Amino acid sequence: MNASDDPDRTPSERTDVCVVGAGPAGALVAHSLARRGHDVVVLEGGDRFDFDDRKQRMERSIRPGHDALSVWDMGGQRDAYTSTGEQFYPLNHARVKGVGGTTLHWQGMVMRLHESDFESWPISYDDLRPYYARAETALGVAGADDNPFAPPRETPFPLPAFRPSYSDSLFAEACEKLGVTMHSVPSARNSEPYDDRGQCVSYGTCKPVCPSGAKYSADVHVRKAEAEGARIIDRARVHRLEHDDGGERIEAAVYATPNGEHRQEAREFVLAGGGVETPRLLLLSKSAQYPQGFANSSGAVGRYFMEHLFAGMGGRIERRTRQNHVGFMTSECHQFYDEPGRGTDGIPDSGDELTPLKLEFLNYAGPSPVEIALGANEWGDDLLSSIRQQYGNDIGMGALAGQRPRAENRITLDHGTKDDHGNPVPKIHWQVDGRTKATLRRANEIQRAILGELDADITWQVGPDNTGPAFHHMGTTRMGTDPNESVVNLRLRTHDFENCTIASSSVFVTSGAMNPTLTIAALALKASDHIHERL
């Protein structure tokens, strides 16, 4: 059941700021500006989900007979897309349309990009550093200053880090022998009560749903924005923007609701629909002056789509691993991030030219007892015996490799396939380049060495040829100083329109290998400051 069935979805009187999208970027922008006295309207295309329904959604995720997309009501003509290129891109696998966006089912890992990641950006790590600190406070990040490879910090994390899982202690023995350094994972979940939310109670279903609310989701800042006077309109699908007669300013966002089409005017517009829907909206918005789509005079809208690719390996060892007791990672390794080819005393150097690489230690690498039972054809004592044999000795590792920006990887419109409002759906042109595959191969080499030190019987491997995405959509409205090569400037404002800001991972210039949400949040707070200055 949704939190509201028939609210007022008509437009507000001309307002200060119209935000499109109520995910983490849109929610933070709305709250930041509303608390400073600006009139803010947020248009969200999806539903507003009732928090009290989360336990039911958790049960739906673990019981047979339910499609994974149904947990957050994804799928159907509304969410249609097409994919072309070397590899199919499963877009709907890990996105949510609704108030809170994809943070409703994300993993909650929040690392800062490294200083080296900004070498191709028009801003530096130092430019974003104060916003990273604000973002960590806003989201409630649990972490520790134990990562010798992390960029410099200015303050401690708001919350103490989670203790390493039991399986991490097994990895630690092997990593120490090989000269591989483990450290904690910054996590946007409460290790103790914070911001009127309780601490993690270990449901273990972080993805796709946290029933307790201990893991941050963007509906937290939606509620904060509403408390400051912002207005949130759900089921308001923005399908085009309109500009003024001079073509210099966005004048209105045209949106469809269950009761008809409306037009929201504002002084400033913020596009926060993510790396796929944001370029799609700009491409849908055409005029005689901008026949190739809005903010697209450079031709870069939709281009340079980037992902993080997964490499993994796992197996079984002769010790109990307590797998699946924790629903998130507690340890990782950034030792190979800036120098993926570097060696250790136990791992040889690699001569390949590689992309950034982040190693992860999985404490949920094998099947849970529920998964074993659901997939079995046995009952009673026979099933119990199988569970005892199959569960409890699995161990595994994961890794993310950054993808380089390539113009041919892009989001366009498929005019032959329409959504439920008759608009062309997004088409994803995507392939994995050779350098990224080489990095995945390097990740597998390191993983094999560590698992070998544990005498693991390796039973599965992902990468480089059977890799898949981490569902981090980046780079489709990139930031830059040259209007002929980029979409937004250093202040996240589009080059073509003086009152249109994009707050999204779509402005990323490179991908790094860090989960992007903390950087999205930092950029959103930065954008909010610049909008406030203009207002």
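Helices (H or I, at least four residues) and strands (E, at least two) are DSSP runs here, numbered from the N terminus. Please keep in mind that this is a predicted model: local features need pLDDT of at least 70, side-chain atom pairs count only at pLDDT 80 or more, and totals for chains, interfaces and linings use all residues. Residues are numbered from 1 along each chain as its sequence is written, and side-chain values use heavy atoms, with hydrogens and water left out.

**Helix α9 and its ends**

- Helix α9 covers residues 434–453, which makes 20 residues, and reaches 29 Å from its first C-alpha to its last. That is close to the 28 Å expected at 1.5 Å a residue, where the expected span is 1.5 Å times one less than the number of residues.
- At the N-terminal end, Asp433 caps α9 with a side-chain oxygen that lies 3.1 Å from the backbone nitrogen of Arg435.
- The buried residues of α9 include Thr436, Leu440, Arg442, Asn444, Ile446, Ile450 and Leu451. Buried means under 20% relative accessible area, exposed over 50%, and partly exposed in between (1.4 Å probe, protein chains only).
- Among the elements that cover these buried residues are α4 (166–178), β11 (308–316), β13 (357–362), β14 (394–402) and β17 (457–462).
- Asp455 itself sits in the loop between α9 and β17, and counts as exposed because its relative accessibility is 66%.

**Helix α6**

- Helix α6 (residues 274–284) is mostly covered, with ten of its eleven residues buried.
- The buried residues run through Gly275, Val276, Glu277, Thr278, Pro279, Arg280, Leu281, Leu282, Leu283 and Leu284.
- The cover over them includes the strands β1 (15–20), β8 (237–243), β10 (260–271), β15 (410–418), β16 (424–429) and β18 (500–502).

**The loop between β17 and β18**

- His473 lies in the loop between β17 and β18 and counts as buried because its relative accessibility is 14%.
- The side chains of His473 and Tyr89 are joined by a polar contact of 3.0 Å. A polar contact is a pair of N or O atoms within 3.5 Å; within protein, one must be able to donate a hydrogen and the other to accept it, and residues adjacent in sequence count only if both atoms are side-chain atoms.
- Beyond its neighbours within four places in sequence, His473 is in contact with residues including Gly275, Val276, Phe305, Met306 and Glu307. Contact means heavy atoms within 4.5 Å.
- Asn489 is also placed in the loop between β17 and β18, and is buried, with a relative accessible area of 18%.
- The side chain of Asn489 reaches the backbone nitrogen of Arg491 at 2.8 Å. Leaving aside neighbours within four places in sequence, Asn489 is in contact with Met479, Gly480 and His495.

**A positive phi at Arg235**

- Arg235 has phi near 50 degrees, a positive value in a residue other than glycine.
- Arg235 lies in the loop between β7 (231–233) and β8, and counts as partly exposed because its relative accessibility is 32%.

**Cavities and a pocket**

- On a 1 Å grid over the protein atoms alone, a cavity is a set of points where a 1.4 Å probe fits but cannot get out, and a pocket is an open set with protein on both sides within 12 Å along at least five of seven lines; lining residues have an atom within 4 Å of a point.
- The structure holds two cavities of 30 Å³ or more.
- The largest cavity has about 70 Å³ of space. Its lining counts 13 residues, with Cys200, Tyr203, Gly204, Cys206 and Cys210 nearest its centre.
- The second largest cavity has a volume of about 30 Å³ and is lined by Ala161, Phe162, Ser184, Val185, Phe328, Met329 and Thr330.
- The second largest pocket has a volume of about 390 Å³. Of the 18 residues that line this pocket, Ser116, Asp117, Thr355, Pro356 and Thr510 are the closest to its centre.

Methods
Points joined across faces, edges and corners; volume = space filled by probe spheres on them.
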